[in-house]
Amino acid sequence: MKNLLILGAGTAGTMMLNKLYKELDKEEWKVTIVDQYKTHYYQPGFLFIPFGIYNKQDVTKPKYDFFPAGVEVIFSPIDKIVGEENKVYLDGGKVLNYDYLIIATGTQTRPSETTGLKDKLWYKDIFDFYTIEGALALHQRLKNFEGGDLVMCIPELPYKCPVAPIEFVCLAEAYFAKRGIRDKVNITYVTLMSGAFTKPVASKMLGELLEEKNIKVVPDFYLEHVDNENKKIVSYDEREIPFDILTIVPVNMGSDMIERSGLGDDMNYVKTNKFTLQSEQFENIFVIGDAANIPTSKAGSVAHFAGEILMENLLAAMEGRALPAKFDGHANCYIETGYGKGALIDFNYDTEPLPGTFPLPGIGPFGLLKNTKMNHYGKVLFRWIYWHILIKGKELPIEADMTMAGKQRV
């Protein structure tokens, strides 16, 4: 028997497990998946928990619900990968051999990387919403908030779901308006980027949206430390922004196991060929999702589109053929903007988000770089699509490659 080993049973790893298990000859291939945790989280749903839109039950299911029968499942921390020997060492000394390896270990928040962040105000007045614990604690704090300075800070790139901080301040604005205290809350969006987003056309549209909502944008702010005593954030050039509540995207990094294995960059993301999704160091190692250092968004849509490419290339590699498929960096993100509306962006390595319609040219039903109710429905529907289609490895009627059909050049 040959061994296919998948490390990580989050969105990307579970999706690839289901896709490949259908394709591989069960008499020829043994498939094993390894993960440290038994609970699967619908991470895009964390954003809605602080505002009472979702609760913990809406975003959690057992990982076993999504594993096909016949797969070997191992719940264990991973010590390291030894690529030269085709071996993975688990904590406790167990060794797994592989013929092909898929790394899908994702990215994790590292609040301790920022001076003063995980201090006495952590989960009291300072919160992330990228973990279930942070989102739940922030929900309790917002319920009792009667006014003051709410600051959203992005201190480092890259991070999961690049549009989530914009969504957070838009939802916060609508939440405070509904509670009748919007005039008592100052909302400030603080970012190290030069605008609201990384891509110029989208940044302009989203910046104007925040301005309409009276949300102040502070660009080019490189966070140096958080001052817990005086409740302010301080940049490297000594600018200071006070807060009553600070929401923050903690520094994101790949797994420490990647560093121990010698496969990563300085942020522990696996050095990956951005077109073939193959490790730059070992031909029989492939990478999917947030674990890769490819220059596109760390988002579920990227894992979905990349998954089509990875499956084609991995099956070719197993048969000794040249890798036929190239990933174009396709990303597709719904942006919740509050009041039952949303925006949508669609882009890849070479093409920034442009206005137009999606997925059908001229028909939509979704509008690119438009703030519409239909886009909001797309975001809401995605949770059902995620649980029932995406991580089960089923086909969606959207091409892996980005198309210019329906887009308007700016």
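A salt bridge is a side-chain nitrogen of Lys or Arg within 4 Å of a carboxyl oxygen of Asp or Glu. In this predicted model, the count by that rule comes to 19 salt bridges. Side chains of opposite charge can pair when their charged atoms come close.

One of these pairs is formed by Lys19 and Glu308, with the closest N and O atoms 2.6 Å apart. The pair links distant parts of the chain. Lys19 sits in helix α1 (residues 11-23), and Glu308 sits in helix α6 (residues 300-318). The two residues are 289 residues apart. Lys19 is buried, and Glu308 is buried as well.

A second pair lies within a single helix. Lys204 forms a salt bridge with Glu208, and the closest N and O atoms are 2.7 Å apart. Both residues belong to helix α4 (residues 200-212). They are separated by about one helical turn, because they are 4 residues apart in that helix. Lys204 counts as exposed, at 56% relative accessibility. Glu208 is partly exposed, with a relative accessible area of 39%.

Glu240 and Lys232 also meet through their side chains in a salt bridge, at 2.9 Å from N to O. Glu240 is partly exposed, with a relative accessible area of 47%. Lys232 has a relative accessible area of 18%, so it is buried; the cut-off for buried is under 20%. Elsewhere, salt bridges that share partners join Lys19, Glu308 and Glu395 into one network.

Lys22, Lys61, Lys392 and Lys394 form a positive surface patch. Of these, Lys392 lies in the segment after α7 (373-390). Lys392 counts as partly exposed, at 30% relative accessibility.

Two loop residues were also examined. Gln278 is found in the loop between α5 (256-261) and β20 (285-287). Gln278 is buried, because its relative accessible area is 16% and buried means under 20%. Leaving aside neighbours within four places in sequence, Gln278 is in contact with Lys271, Thr272, Asn273, Glu283, Ile285, Phe286 and Leu323.

Thr372 is found in the loop between β24 (364-368) and α7. Its relative accessible area is 23%, so Thr372 is partly exposed. With neighbours within four places in sequence left aside, Thr372 is in contact with Gly340, Lys341 and Gly342. Thr372 and Ala405 are 33 residues apart along the chain, and their C-alpha atoms are separated by 20 Å.

Definitions and conventions:
Residues are numbered from 1 along each chain as its sequence is written. This is a predicted model: local features need pLDDT of at least 70, side-chain atom pairs count only at pLDDT 80 or more; totals for chains, interfaces and linings use all residues. Side-chain values use heavy atoms; hydrogens and water are left out. Patches are made of residues with over 30% relative accessible area and no salt bridge: like charges are joined within 9 Å, nonpolar side chains (Val, Leu, Ile, Met, Phe, Trp, Tyr) within 5 Å. Accessible areas come from the Shrake-Rupley method with a 1.4 Å probe; for residues, only the protein chains shown count as cover. Lys and Arg count as positive and Asp and Glu as negative; His and the chain ends are not counted. The place of a charge is taken as NZ of Lys, CZ of Arg, CG of Asp or CD of Glu. Buried means under 20% relative accessible area, exposed over 50%, partly exposed in between (1.4 Å probe, protein chains only). Contact means heavy atoms within 4.5 Å.
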